[in-house]
Amino acid sequence: MSTIFSQIVEGEIPARIVYEDETTVAFLDANPLAPGHTLVIPKDEYERVNDVPADVATDLYATIHRMVPAVEDAVDADATTVAFNNGEAAGQEVPHVHCHIVPRFEDDDAGPIHAMFGQRPELDDDELDEIADDIESRA
Ligand code: AMP
């Protein structure tokens with residue numbers, strides 16, 4: 001079964017497409033968090049950021065790079081939150097990788113992405129060193 005976003009790519013369901021090239025598409029989010037909320041996707045179906053092949057990731061970033069100023073200018077935004085919900089536990093509902101470009105305004109009170117988290121973990125230097133070493137060894 002193809003994802004709802006693949007159905008948009010195939011033209012099977014309507015969407016407000018604002019940009020399209022050979023490998024990527026950008027369209028308005030159907031349930032926007034702010035006016036101009038735009039999603040950028042690869043046309044091919046990959047679930048998570050890390051599933052996207054490097055060449056497609058390059059194209060995806062190029063489209064994000066192109067669309068951020070287009071969205072900001074169109075709705076006269078002061079800034080944008082640019083984010084991926086990468087995996088179900090992170091709130092990803094559509095299993096087709098997508099970048100949210102959400103226009104932000106000085107007085108929108110939505111806060112930074114840090115606001116999603118309540119208490120932060122207390123990590124001592126040894127724990128931080130261990131985590132850093134572990135990530136570095138996998139990078
Ligand atoms: P996420 O929770 O990161 O998977 O976000 C999925 C996003 O897709 C939500 O912001 C939805 O409003 C949006 N969405 C779902 N269906 C459609 C659709 N048919 N057209 C445009 N946006 C959609």
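Predicted model: local features only at pLDDT ≥ 70, side-chain atom pairs only at ≥ 80, totals over all residues.
View 1. The volume of the largest pocket is about 870 Å³. Its lining consists of 37 residues, and those nearest the centre of the pocket are Asp 29, Leu 33, Asn 85, His 100 and Val 102.

View 2. At least two lining residues of the largest pocket come from each of helix 1 (4–9), strand 2, strand 4 and strand 5. Strand 5 provides the largest share of this lining, with four residues. By residue class, the lining of the largest pocket comprises 24 nonpolar, eight polar and five charged residues.

**View 3. Helix 2 along its length.** Helix 2 covers residues 54–75, a run of 22 residues. At 1.5 Å a residue the helix should span 32 Å, and this agrees with the model because the end C-alpha atoms lie 32 Å apart. Just after the helix, Asp 76 adopts a positive phi of about 55 degrees.

**View 4. The buried residues of helix 2.** Val 56, Leu 60, Thr 63, Ile 64, Met 67, Val 68 and Val 71 are the buried residues of helix 2. An α-helix has 3.6 residues a turn, so residues three or four places apart point the same way. The buried residues of helix 2 pack against strand 1 (17–20), strand 2 (24–28), strand 3 (38–42), strand 4 (79–83) and strand 5 (99–104).

Technical notes: Residues numbered from 1 in each chain as written. Heavy atoms only, no water. Expected span 1.5 Å × (residues − 1). Buried < 20%, exposed > 50% of the residue type's maximum accessible area, 1.4 Å probe, protein only. Contact = heavy atoms within 4.5 Å. 1 Å grid on protein atoms, 1.4 Å probe; cavity = no way out; pocket = protein on both sides within 12 Å on 5 of 7 lines; lining within 4 Å. Points joined across faces, edges and corners; volume = space filled by probe spheres on them. Nonpolar A, V, L, I, M, F, W, Y, C, P; charged D, E, K, R; others polar.
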